[in-house]
Structure formats: structure tokens, C-alpha cells
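Thanks, everyone. Let me put the structure up, and then I'll walk you through it.

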Amino acid sequence: MSVDLVVCRKVEIPYVEAMDQVDAQTLITAAGLAVQIAGYVYDCMMAPEGHVHMQDPRGGWVCPTTTVYLTISLGGRPVPDVVGMTQAAAESAINNPDYPCNGCSIEVGAVSYEHNNTVPEGHVISQSIAAGVKICGIVEVNLTVSLGPAPANEPPVASDLSLTPVSPTTLNSLSGSYTYSDADGDPESGTEIRWYRSGSLQTAYNDQLSIPSSATSVGQNWNFTVEPKDGTDFGTLKTSPTVTIHDVPSTTVVVPNVVGMSETEANSAITSAGLYASYSYEYSDAVPGGYVIGQNPSGGTSVPEGSDVDLTISRGPQQPGEDPPIPGQPVAACLVAHWKLDEGFGNTAIDSSGNGFDITLHNTTWEDGVFGGAAHFQGVGYGNVSNINCNDNAITVCAWVFHDEFRTYRIERYVTVSEPSVAVIRKEYDGRLHFYIGTDGNFRHLLVDDVLTEG
Ligand SMILES: [Ca+2]
């Protein structure tokens with residue numbers, strides 16, 4: 001049997017928590033005790049970086065050979081570098097439970113998606129807080145994840161070019177129309193329209209869809225070309241039928257009185273009389289929207305066959321908030337445009353803001369809406385209007401949409417508001433509804449918070 005008998009003069013362990021690491025080690029050593037670093041911990045509450053987070057033992061009287069173990073604070077936890085990781089790997093790296101932190105938490109914030117030609121689909125393109133930044137408190141790191149390379153652009157197609165009247169006289173303005181379509185749903189932007197008079201380019205009418213009667217004379221041949229553009233590529237140039245300007249016939253007809261008729265009835269009556277109708281729109285408290293307020297020439301007048309009859313159509317009563325802009329005041333300070341799509345007939349969607357940004361609708365049909373009519377765009381319809389200034393710093397887009405079916409990454413409904421500026425609503429790969437505003441050839445976009453569900 002052997003017995004070890006240890007006799008020592010005990011010393012008191014100094015309390016060094018929150019003290020600078022070097023000062024703590026010096027103090028413990030000076031007390032005649034041994035010191036070892038037991039580890040490191042992220043700590044935003046107990047001790048600053050490089051200071052003692054915890055000591056063991058924390059006090060008492062011990063023999064000088066005793067070791068005091070120190071855990072040292074690393075300060076806040078650094079944000080991990082997740083660029084290039086898959087989204088799942090990035091999320092687990094950010095939420096990593098292997099790196100507990102006293103008083104700090106790094107979480108995954110919003111995840112957005114965009115096309116990228118170099119970062120593979122599903123991998124992180126960028127993170128909102130740089131790797132290595134030390135975090136105290138709770139912060140969210142937003143991630144941008146690649147959708148892979150942008151799909152190759154399909155050029156748009158112009159079709160159904162028409163020029164009316166087909167047999168005009170010098171009394172008629174010429175009116176061109178065409179249908180724009182794009183296989184991958186890009187809105188029309190940058191289309192070039194060119195008019196030719198007997199084969200000679202008439203640059204004064206570039207990108208317009210009508211020629212005033214004052215510009216034509218007997219014997220001229222007129223046509224126009226459309227080179228459609230989707231903001232990126234031009235499609236094939238198409239040429240309209242050609243019309244020949246005839247002399248005013250000696251036969252005269254009597255203009256029918258169409259005041260009070262609907263736009264459709266009035267057009268039918270005027271066409272039946274061998275005349276052509278043209279339209280303008282204004283507010284009226286007395287005449288319901290869509291009905292004729294006035295005409296020129298008036299009913300009963302004898303005019304050459306084939307003359308134009310100018311019709312003024314009611315927009316209905318002006319609603320509160322539809323005040324026309326004050327001359328000299330910027331339009332952007334108030335409502336810019338409001339398309340109710342309530343008309344239920346024709347191909348003009350009236351801008352009830354009073355600013356006159358009426359839309360010509362293409363490939364749409366009318367249905368009953370919640371209030372009045374509703375335009376059915378059917379995945380291919382669109383409208384356009386020029387001259388809205390979209391260079392302001394803030395734009396709010398609000399739309400009431402009932403969707404039949406959302407197809408992945410396809411424009412569902414859109415309105416061109418001013419070339420090259422466009423507003424687009426579409427469902428993106430992330431399942432969210434996006435509102436795009438294009439200005440100066442660049443897209444900006446907003447998105448709804450919730451993923452859409454069908455049905
Ligand atoms: Ca396209």
C-alpha cells in the first residue's frame with residue numbers, strides 16, 4: 001500500500017471572464033496557475049472578440065498546479081460564402097447549427113431568380129451581405145439564384161396587314177393595321193412601319209398607322225411595310241396590300257343620322273350608305289358610354305360617295321379622379337392612365353384617367369366583367385398606346401386579372417404603354433406573378449409575395 005500525500009499552499013483563481021485574453025492569461029499565470037485555451041465561440045453578448053467568453057473553474061481556492069481553461073470569444077459570426085453553391089447547400093450553410101452564436105443569428109431572407117449565362121441553374125449568383133462580414137443580432141441574407149441561360153429569343157411575326165379603305169378617294173384617310181405575335185411572348189417594342197407612295201418612301205409617316213386624306217391625290221398607289229420587333233430582334237418584314245387613290249365619284253349619297261346609335265350600329269349605317277366612319281371620344285353626362293354624341297357632316301347632308309363621316313363617341317360620365325391634367329403640371333403627379341376595359345365592344349379601350357391614353361386592342365374578345373365588360377386576352381392579345389412618359393422614378397401598376405391558365409415563363413397579359421416602354425404581367429419560373437416595366441430598353445420588375453396556385 002502506498003499513499004501520496006500532497007500538501008500545497010492554495011491560491012485563489014482570479015475571475016477573468018470578459019477580460020482581454022492576454023491580460024487574463026497574464027493574471028492567471030501570475031497567480032501561479034496554469035492556463036489553457038479550451039476553444040472559441042461566436043459571442044455578441046458576453047465578451048467582445050478576443051476576450052474571455054467563459055472560464056473553468058470560475059473561482060475558488062486551488063493548488064498552484066491547477067489548470068484554468070478559457071473559452072475565447074470570436075465576436076459575431078461571419079456570413080458564409082455561398083456564391084456558386086446550390087440553393088439547398090447555401091441555405092444549410094447559412095443556417096448551419098454547427099456554428100451556434102451567443103446573440104447572433106444568420107438566416108436566409110428573400111430568394112429571387114434570374115437568368116444567368118455562367119452560373120448553372122439552381123446555383124447562387126449573389127448574396128446580399130458579403131462573405132466574411134461579422135454579424136451580431138439577427139440578419140437575413142437574400143440570395144439571387146440562377147434560372148440558367150436565358151432562352152433563345154424567337155423573333156416576332158407581323159401578320160394580317162390590311163389597308164382601308166380598299167378603294168379610297170382623295171376624301172379618305174388611309175388606315176393601316178396588322179397583328180403582332182411573338183412565340184415566347186415578348187411585348188412589341190421597336191417595330192418599324194414605313195409608308196410608300198407609288199414605291200417612294202414617305203418618311204414623314206414613319207411608324208404611324210394612318211395617312212391623312214390631304215396627303216393623297218388621284219392615281220397614287222399607297223402601301224406600307226411592318227418590320228416587327230420584340231425589343232430584341234426584328235421579325236420578317238411584311239408588306240401590306242396596295243391601294244390606288246381614285247377620283248371622288250360624281251354620285252352623291254345622303255349621310256344617315258346616327259346620333260344616339262351605338263358605335264357598332266352607326267358604323268353599320270354609314271358603311272351601308274357607301275361612306276366611311278372615323279372616331280373620336282369624349283366624356284358625356286347625357287349620352288351613355290359607347291353611343292354617338294355627334295357627327296360631321298350631319299345627317300341629311302349630301303356628300304360624294306365614299307366620304308368620311310367623323311363620329312364623336314361618348315366615354316360616359318367623367319368619374320371622380322378622372323380629372324384631366326392641369327396644363328403645365330407633370331402628369332406623373334397623379335393618375336397616368338386607367339383602362340377599365342368595360343366597353344364590351346369595338347377595339348378601343350378608353351383611358352378613363354382623362355389623359356387620353358386610349359389603347360387599341362389586338363386579338364382580344366369581350367366578356368362580362370365584374371363591372372361592365374372585360375377584355376379576354378387569351379394569351380395572344382395585347383394593346384398599345386404611345387407617348388406615355390415612363391421616365392419617372394416611381395410607377396405603380398395595379399391590375400385586376402382573372403386568369404384561365406398560367407403557362408410557365410410566358411407572358412399572359414400585357415400592355416405596351418410607350419415604345420420602347422412596356423408594362424407586362426407574367427408568371428415566372430418561381431411561380432410568382434411579376435409586373436414588368438420596361439424603360440429605355442431595360443426591364444425593371446416587381447413581384448407579388450405569394451406563389452400562385454392554379455384554380
Ligand atoms: Ca421574342
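I'll take the nonpolar cores, and then a few backbone details.

This is a predicted model: local features need pLDDT of at least 70, side-chain atom pairs count only at pLDDT 80 or more, and totals for chains, interfaces and linings use all residues. Residues are numbered from 1 along each chain as its sequence is written.

Terms next. A nonpolar core is a set of buried Ala, Val, Leu, Ile, Met, Phe, Trp, Tyr and Cys residues joined through C-beta atoms within 7 Å. Buried means 20 or more other C-beta atoms within 10 Å of a residue's own, exposed means 12 or fewer, and partly exposed is in between; C-beta atoms are placed from the backbone. Helices (H or I, at least four residues) and strands (E, at least two) are DSSP runs, numbered from the N terminus.

Now, the largest nonpolar core. It has 22 residues. Ile-270, Val-309, Leu-311, Ala-349 and Ala-375 have the most contacts inside it. Strand β24 (308–314) gives the most to this core, with 3 residues. Where does this core lie? Domain 4 (252–314) and domain 5 (331–451) both give residues to it, so it lies between them. Those bounds come from an automatic or database domain assignment.

On to the backbone. A cis peptide bond joins Asp-56 and Pro-57. Pro-57 is in the loop between β3 (52–56) and β4 (61–62). Asn-296 to Pro-297 is cis too, with omega near 0 degrees.

Last, Asp-160, in strand β12. Its phi is positive, about 55 degrees, although Asp-160 is not a glycine. Asp-160 is partly exposed, with 13 other C-beta atoms within 10 Å.
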